Amino acid sequence: MRGQGSFPLIGIENRKQNMAHVESVSSWGQILGPYRTPRIFRSIFELLVTALPFAMLWALTWAALSVGYWLSLMLALPTACFLLRLFMIQHDCGHGACFARRSTNDWVGRMIGVFTLTPYSFWLRAHALHHAGVGNLDHRGNGDIITLTTDEYAALRPLHRLIYRLYRSPFVMFGLIPIYLFVLHQRLPVGQMRSGKEPWVSTMGTNAAIAGVVVLMILLIGLGPFLLVQGPVVVVCSSLAVWFFYVQHQFEDTHWAHDGDWSFHEAALHGSSHYELPRALAWFTGNIGVHHVHHLSSRIPFYRLPQVLRDHPQLASAGRLTFLQSLRCATLALWDERQKRLISFRELHTCDASSLRD
C-alpha cells in the first residue's frame with residue numbers, strides 16, 4: 001500500500017503489465033474452468049468439520065455460564081468464527097460451487113441460513129447483482145458498500161456529507177451496520193419487495209425456521225442464557241463478515257470504471273483483492289481472501305482456490321493485500337476518479353488545501 005504523496009498510477013500500470021505477459025485478462029474464465037468441479041466428499045467433509053464444532057462450541061459456551069460470563073465471552077469468539085465459516089459455505093452454495101446438483105446446493109444453503117440469519121434466495125439475488133456489476137460506477141448500490149466519488153461528495157449538502165462520513169466511520173461500518181444487516185434488514189426482502197413471491201418466501205420461511213429454533217432453545221436453556229450466548233456470537237460473526245466483504249473491494253488500488261470503460265474480467269481481477277491471510281484465518285474464512293479468483297470464476301469451490309494460486313502464481317500478486325495493510329482500508333471512503341484510487345477524508349482535505357495554495 002502506498003502512502004500519501006506517491007504516484008498511484010505507476011502502481012496500477014505495473015499491476016496490469018505484470019499480468020499481460022501471461023494471458024489477456026478475459027482469457028482467465030476459460031483457464032479456470034477445470035477448477036469448477038466440486039468434490040462431493042470434500043464438500044461434505046468441509047461442511048461437517050464446520051457445523052459439528054460450531055454446535056459443540058455453542059453448547060460449551062452455554063455450559064461456561066456456570067463458571068463465569070467471562071469464560072462464555074471468550075468462547076464466543078471461536079464459536080463466531082465457525083459460524084462465519086458456515087456463512088462462507090452458504091455463500092459457495094449460492095454460487096453452485098459446493099455440490100454438483102443445484103438443488104443440493106440450494107437446500108444446504110437454506111438450512112445454513114437459519115443459523116447465519118441469512119435468507120438464502122433473497123441473499124442470492126442481491127449477491128448475483130454484486131458479481132454482475134462490481135467496480136461499475138454506473139451500477140453502484142447492488143449488494144455493495146455505498147461508495148461516493150470525490151466529486152459526488154463535494155456536491156453534497158453539509159448534512160448529507162455528515163451522514164456519509166458517519167456511515168463510513170469504522171464504528172458504524174463494522175459495529176452498527178453488521179448488527180442491523182443480519183438481525184433486522186434480512187427479516188424482510190428489502191429492495192426486492194416487488195420482485196415476486198420468491199424473496200418473500202425466502203425471508204418469511206427463514207424467519208419461521210429461526211423462530212422455531214429460538215423457541216426450542218429458550219425452552220431448553222431459558223431466555224436469559226440463550227441471549228447471553230447467542231448475542232455475542234451474532235455480533236462478532238456479523239462484524240467479521242462485513243469486514244471481510246468490505247476489504248475485498250474497498251482497498252486503495254481497487255478498480256472502478258464507467259459503463260463504457262468497464263469490463264467484467266478487468267473489474268473481477270483488479271477490483272477484488274487477494275487478501276493474504278495467515279493459514280488459520282484463511283481456513284475460517286473459507287479462502288474468501290482469494291477474492292479476485294472467486295470473482296473471475298465464482299463456481300470454483302472455496303477449498304480449490306489455493307490450488308489455483310499454486311498452479312498460476314502470477315495471480316498471487318494481483319491485488320495482494322496483507323493483514324496489516326488491510327487495516328488502513330478502514331479509513332478509505334472516496335473514489336478519486338483523477339488518481340484512480342480510493343482515498344480517505346483526510347487525503348481529500350489535504351488535496352483541497354494543496355489546490356488552494358496553488
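These notebook entries record what I looked up about nonpolar packing and aromatic rings in a predicted model.

**Ground rules.** I number residues from 1 along each chain as its sequence is written, and I use heavy atoms for side-chain values, leaving out hydrogens and water. Since this is a predicted model, local features need pLDDT of at least 70 and side-chain atom pairs count only at pLDDT 80 or more, whereas totals for chains, interfaces and linings use all residues.

**Cores.** I looked up the nonpolar cores, meaning sets of buried Ala, Val, Leu, Ile, Met, Phe, Trp, Tyr and Cys residues joined through side-chain atoms within 4.5 Å; buried is under 20% relative accessible area, exposed over 50% and partly exposed in between, with a 1.4 Å probe and protein chains only. The largest core holds 54 residues, and Trp243, Tyr246 and Leu334 have the most contacts inside it. Helix 4 (residues 69-94) supplies the largest share of this core, with 11 residues; helices here are DSSP runs of H or I, at least four residues long, numbered from the N terminus. I also noted a second, separate core of 14 residues, which includes Tyr35, Leu269, Val308 and Leu309.

**Aromatic pairs.** I searched the whole structure and found 15 aromatic pairs, in which rings of Phe, Tyr and Trp (its six-membered ring) have centres within 6.5 Å, with planes under 30 degrees apart counted as stacked, over 60 as edge-to-face and the rest as tilted. Tryptophan 243 is buried because its relative accessible area is 13%, and tyrosine 246 is buried because its value is 1%.

I then listed what tyrosine 246 touches, leaving aside residues up to four places away in sequence: Ile145, Arg168, Met173, Phe174, Cys329, Ala330 and Leu332, where contact means heavy atoms within 4.5 Å.

Phenylalanine 302 and tyrosine 303 make an edge-to-face pair, at 5.3 Å centre to centre and 75 degrees between the planes. With 4% relative accessibility phenylalanine 302 counts as buried, and with 7% tyrosine 303 does too. I also recorded a cluster in which ring pairs link Tyr153, Tyr164, Tyr167 and Phe345.

**Exposed side.** Is phenylalanine 41 buried or exposed? Its relative accessibility is 68%, so I count phenylalanine 41 as exposed, and I place this residue in helix 3 (residues 40-63).

Note on methods:
Helix = DSSP H or I, 4+ residues; strand = E, 2+ residues; numbered from the N terminus.
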